[in-house]
Amino acid sequence: MKSISIIMPIHNTEEFLEQSIQSVLQQTYQHFELLLLNDNSMDNSQGIIDEFQKSDSRIKTHHFTERHGVGAVRNSGIEMATGDYIYFLDSDDFLPPNTLQLLIENSKNFDLLSGNEVLADVSQEQDDSNLPDQNEIKIYTEEKYDLIRNSSVLNRLFSKSFILNNDIRFSEDLECFSDLPFLVHAFSATKEVPYVKGSVYYKRRRNDPISNPSLNQTSMEVQITDFMRVYMQLKDKYIDDKNINLFLDNQLLSFYRGPIVQYLDSNHKVDKVFPVLSDSARRMNSNLVKTIPAHTKKEIRELRKGNIARYKKINLRHQRLRNLKTALKGRRRLYIQLYRSLFMKMPMKKKTVVFESFLGKSYSDSPKYIYEYMINNKMDYNYVWIFNEKKNIPGNAIQVKRFSLKYFYYLARAKYWVSNSRLPITLNKREGNVYLQTWHGTPLKQLVFDMEDVYSADPNYKPNFYKQSRRWDYLSSPNAYSSEIFRRAFKYEKEMLEFGYPRNDILYTKNNPDNINDLKNSMSIPTDKKVVLYAPTWRDDEFFSAGKYKFTLQLELDKLQAELGDNYIVLLRMHYFIANQLDISEYSGFVYDFSSYDDIAELYLVSDILITDYSSVFFDFANLKRPILFYTYDLENYRDKLRGFYLDIENEVPGPLLRTTEEIIDAIATIEDVQKEYQSKYDSFYKRFCAWDNGNASKNTVNAVFKGK
Ligand code: C2G
C-alpha cells in the first residue's frame with residue numbers, strides 16, 4: 001500500500017492546530033505519516049504537538065528554535081519524509097475525511113495530482129454533504145498550468161521520487177510566493193496532471209491579520225517585490241518555454257489588474273514599487289500586451305517605457321475613473337466618494353461636534369450627557385446629532401439621518417466626533433479631527449482581540465475594528481478594570497479618560513424621590529408600585545439576519561403576575577440589537593415594554609430591582625446600590641460556547657444566579673434577605689467598578705477634550 005507523508009509547517013496557530021491535526025487523523029485513508037514542523041512558535045503550538053505525538057506513532061515532529069520561514073520548513077519536511085507521496089497541509093486549514101483517499105485512488109503512475117480547494121467559513125461547521133461529485137476527474141496536458149493559477153502547493157499529491165529526482169524545492173528567501181517556483185518546476189517536469197474535483201481542502205479565512213497574520217496577509221509592498229522577483233527568475237530560467245512564459249505573463253497581468261491597481265492609489269505608493277513593476281513589465285510578451293484592454297494597456301506601456309511621471313498621471317486618472325464607476329453603483333458609494341474627494345477637502349469646521357449613540361438608534365448614553373453638559377454650560381459650539389429617525393431633544397442641534405448626504409457632509413467637515421460605538425470603516429479621518437470614543441459598557445464578555453477567533457460571524461471583524469479604533473483620540477473608561485482591558489483588547493494606546501461614565505452622572509445627580517416620581521409620571525407608569533427592570537443582552541447565535549437578533553423570552557410573565565402583580569410592575573428592556581417585538585398585550589398594567597425608550601439610565605433610576613444576564617447594565621445599575629438578580633438560564637452555552645467572560649460570574653457578581661422563573665419570584669419575594677446575603681459582595685463590587693462615578697464625568701470629559709484640561 002502506498003504511503004503519504006503529510007508536511008505541516010506550524011507557526012503560532014494554537015487555536016486551529018487541533019482541528020487541523022484531527023482532520024488528518026480522521027482520514028479514511030490511514031496509511032500516512034504526519035510531519036509536524038514547528039517553526040519557532042511563541043504560543044502553545046508545541047504543547048499541542050507534544051500531546052498528539054504521544055498518542056500516535058505516525059506523528060513525527062521537529063522544533064525549529066529560530067524562525068525559518070515556510071519554504072525552508074517545507075524543504076526540510078521533504079528531506080525527512082519516508083512516504084511514497086508528499087502532501088502539504090497548512091496548520092490553520094483542515095480536510096474533509098476522504099481527501100487523501102480520493103487523491104491516492106487516482107494516483108496511478110502520475111507524478112502529481114491536483115485536488116480542489118474550498119474556502120472555509122470559520123463561523124460554521126463545515127457541511128461535507130455539499131462537496132462536489134467525488135468521481136469527477138479531468139486530465140490536464142497542454143493547459144496544465146491553468147491548475148496553478150492560485151500559485152499554491154496546497155491540496156496536491158506529489159510523488160516523492162519525482163520531487164527528489166528532479167530536485168524540486170521551495171525558495172527559502174521569499175516571504176510570499178515561495179510556492180510558485182516549486183509549482184512551475186514540478187508542472188514543467190511532467191506531462192499530465194489529473195485534477196480530482198471531489199478531493200477538497202478547507203482553507204480557513206483568518207480573522208486576525210493584525211496580531212496573527214497568515215501568509216497572504218503580508219504587506220502589499222513585500223508581496224509585489226517578492227512576486228516580481230519570482231517572475232523575473234522564472235522568466236530567465238524558462239526562457240524558451242512558450243507555455244510557461246504565457247502562464248507567467250498572465251499571472252503578472254492578473255496580479256497587476258487586481259491587487260496592485262487597487263493598492264496604487266497614491267503617487268507615494270507608485271514611487272515605492274515603480275522600479276520593480278517597470279522591470280517586470282518589460283519582460284512581458286509584446287503580443288500579449290496588444291490584447292490587454294485599453295486602460296491597463298496604457299499603464300503597462302508607460303511601465304515598459306519607465307516613464308514614471310506619465311505613469312502617475314495615467315494611473316491617477318484611471319483610479320478616479322474606477323472610483324467613479326464604483327460610486328455610480330449605489331447612492332451610499334457615491335456619498336462616500338463625495339465625502340472623500342469633496343467634503344474632506346473643504347475647510348474643517350472647528351466649532352462643530354457630531355454626536356452618535358448606538359448607531360443612531362437613540363438619544364442616550366454618554367454622548368447625550370456630554371452634549372447636555374455642553375449646551376447647559378452655553379459652550380460656543382455647533383452641534384449635530386445622527387439619528388435614524390427625527391427626535392425631540394433639547395438645544396438646537398442639527399439632526400441628520402444616518403447615511404444621508406448630510407451625514408457624510410457633517411462628519412467630513414466637523415472637527416469633533418463623539419460616539420459610543422464604531423463609525424463606518426469607510427469614513428477616513430481628516431487631519432485635525434478629534435474623535436472621542438465613549439464606548440458603551442464595562443466589559444463582562446470578552447472584547448475584540450481577547451475574543452477567540454472561531455465564533456465571530458464576520459472574518460473582517462478584527463481587522464476592521466483595528467482600523468476603526470486607530471482613529472480614536474480619547475477613550476472613556478468607567479473604572480480601572482476596564483482601562484486595563486481596553487488597552488489590551490482594543491490595542492488602544494492613546495489617551496484614556498478615567499473619570500467614570502458620563503452616562504452614569506444622573507445616577508448621582510437625579511437619584512431623589514421627586515425626580516423619580518416625575519420620571520415615572522412622564523413614562524406613564526404607576527407611582528405606587530415597586531418596579532422590576534428586566535434588561536438582558538443579545539445572543540450571538542440567535543438571529544434573523546446579519547445585525548438583526550432574535551430574543552426568546554424565557555421569563556414566564558403569567559407566573560410573575562400571579563405572584564407579584566399586587567406590588568410590582570415589570571419593565572421589559574431588550575438590547576438595541578434585538579429586532580423582534582415581544583407580545584405582552586395580555587399583561588397590560590403589569591408588564592411595560594420599554595425597549596424603544598431612549599435612555600436606559602432613566603429606567604435604572606425608576607427601578608427598584610434589576611434582572612439581567614450577561615449584559616454590562618449591572619455595572620452601571622450598581623451605582624444605585626439597589627438589588628440585582630441574574631437570570632442566567634443559558635449560562636454554560638453563553639459563557640463557554642459563545643463568549644468567554646472576564647469575571648468569574650459564579651463568584652464575583654453582586655447578586656444570585658437564577659435559572660427559573662420560580663427562583664426569580666422567590667428572590668423578589670425575599671429581596672431583603674437576598675440583599676443581606678450579598679451585602680459584602682456588593683460592597684467590594686461597588687468599590688471595584690463604581691469608584692470613579694460621582695456625577696462629574698461629563699464635566700471632566702468635556703474639560704479634557706474641549707478645553708485641554
Ligand atoms: N443596553 C440597553 N438595554 C439592554 C442591554 C443593553 O440599553 N437590554 C445598553 C446598555 O447601555 C449597555 C449597552 O447597551 O451598557 C451594552 O449592552 P451589552 O448588553 O453589555 O452588550 P454589547 O452591546 O454587546 O456591549 O464593553 C461592553 C460590551 O461591548 C458589551
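Reply: Happy to; we will take salt bridges and then the ligand. This is a predicted model, where local features need pLDDT of at least 70 and side-chain atom pairs count only at pLDDT 80 or more, while totals for chains, interfaces and linings use all residues. Residues are numbered from 1 along each chain as its sequence is written, and side-chain values use heavy atoms, with hydrogens and water left out.

Me: How many salt bridges does the structure hold?

Reply: Side chains of opposite charge can pair when their charged atoms come close. The term here means a side-chain nitrogen of Lys or Arg within 4 Å of a carboxyl oxygen of Asp or Glu. The structure holds 38 of them. One network of salt bridges links Arg74, Asp90 and Asp179.

Me: Which residue forms a salt bridge with Lys272?

Reply: The partner is Glu221, with the closest N and O atoms 3.1 Å apart. Lys272 lies in helix 9 (residues 267-282) and Glu221 in helix 7 (residues 220-237), so the pair ties together parts 51 residues apart in sequence. Helices (H or I, at least four residues) and strands (E, at least two) are DSSP runs, numbered from the N terminus.

Me: Is Lys272 buried, partly exposed or exposed?

Reply: Buried means under 20% relative accessible area, exposed over 50%, and partly exposed in between (1.4 Å probe, protein chains only). Lys272 is partly exposed at 42%, and Glu221 is partly exposed at 32%.

Me: Which parts of the chain does the pair of Arg503 and Asp365 link?

Reply: Their side chains meet in a salt bridge, 2.6 Å from N to O. Arg503 sits in the loop between strand 17 (495-497) and helix 18 (506-509), and Asp365 in helix 14 (residues 365-376), 138 residues apart. Both Arg503 and Asp365 are buried.

Me: Which side chains have a polar atom 3.0 Å from a ligand oxygen?

Reply: A polar contact is a pair of N or O atoms within 3.5 Å; within protein, one must be able to donate a hydrogen and the other to accept it, and residues adjacent in sequence count only if both atoms are side-chain atoms. Lys445 has a polar side-chain atom 3.0 Å from a ligand oxygen, and so does Arg503. For Tyr576, the distance is 2.9 Å.

Me: Where does the ligand lie?

Reply: Domain 3 (347-503) and domain 4 (506-689) both give residues to the shell around the ligand, so the ligand lies between them. These bounds come from an automatic or database domain assignment.
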